[in-house]
Amino acid sequence: MQLGRKDSQPFLGYIYILLAAVLFGTSGTVQALAPEGAQPEVIGAIRLAISGTFLAVITLLFKRPQLRKRWPIIPTISAAISVVALQICFFNALPRTGVALGTSIFIGSFPVFTGAFSFILYRERPTPKWIFASLFAIVGCFLLLGVGENFNSGFSGIALALGAGCSYAIFTLSAQFLLKEHSVVAVLAISFTLGAILMIPAFFGVSLDWLTQSRGVVVSLYLGIVSTIFPYLLFTRGLRIVPASTAATLNLAEPLTAAILGVYLLQEKLSLTAHAGMVLLIGGIAILSIPSRVKRS
């Protein structure tokens, strides 16, 4: 039997989320390349402001009817607050843990939080393949931690990275609920714009001189567009096709990307156990990406 459109859709969902994860994985490295004096909260606020403005313009020009639809208050506010918490936790964790380690903790905890919240809210039971792939990949994340040898980075950095994972899980489930009635662009435009408004206090009493430098402008635009708009569009489009728990595990490609960039661009050192963890991460993603057997007529 020839594969139809419905059979090919899960594969496209995997591709969308994997591409999103790779682009997400570059954000920590780019933030580390920002000029001296760039505060993590300000970087996160600028990231949301740029992406929110860009998507709001697109929504107003091409998807205005979406704004007149009913927007459930709790999921909408939850999406906005969680995306703000993600920026604050993630960008403050990286200076304390390093890009490779912080991103690995962040994304390694993400599928655990997502699976737990999915079960609590929707009674969405994880499949055996998801459980096996998640365990495989999470063990890889622990190896990336160096089995405890890197905990000298301090509890605060690890706690912030875990907070980012929890925030990302809440955003994922909130966005998935909103996508039932609204387009991807509209959901992201509302979430990011509200998030940017909530982060306005981050600009009070801080120096923005680094934004006058060309490198500061490039970093801001990259974080706002390339590592935010593109991957979120891909990720939320993938959420229309695959379950949130599956998306969470596929997103483990993000710490893999961050680890590679951290080692080769930022000269961060990873042990042999950490390299073994990277291999396990790839294995977990590969297991989850294998299409289920298609029934033949």
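Q: Which element gives the largest share of the nonpolar patch?
A: The largest share, four residues, comes from helix H5. This is a predicted model, in which local features need pLDDT of at least 70 and side-chain atom pairs count only at pLDDT 80 or more, while totals for chains, interfaces and linings use all residues. Residues are numbered from 1 along each chain, and side-chain values use heavy atoms, without hydrogens and water.

Q: Why is Ile74 called exposed?
A: Ile74 lies in helix H5. Exposed means over 50% relative accessible area, buried under 20%, and partly exposed in between, with a 1.4 Å probe and protein chains only. Ile74 has 70% relative accessibility, and therefore counts as exposed.

Q: What makes Phe24 and Tyr168 an edge-to-face pair?
A: Rings of Phe, Tyr and Trp (its six-membered ring) pair if their centres lie within 6.5 Å; planes under 30 degrees apart count as stacked, over 60 as edge-to-face and the rest as tilted. By this rule there are six aromatic pairs. For Phe24 and Tyr168, the centres are 5.9 Å apart and the planes are at 80°, which is edge-to-face.

Q: Why does this pair tie together parts that are apart in sequence?
A: Phe24 lies in helix H1 (residues 5-25) and Tyr168 in helix H8 (residues 155-178), so the pair joins parts 144 residues apart in sequence. Both Phe24 and Tyr168 are buried.

Technical notes:
Helices (H or I, at least four residues) and strands (E, at least two) are DSSP runs, numbered from the N terminus.
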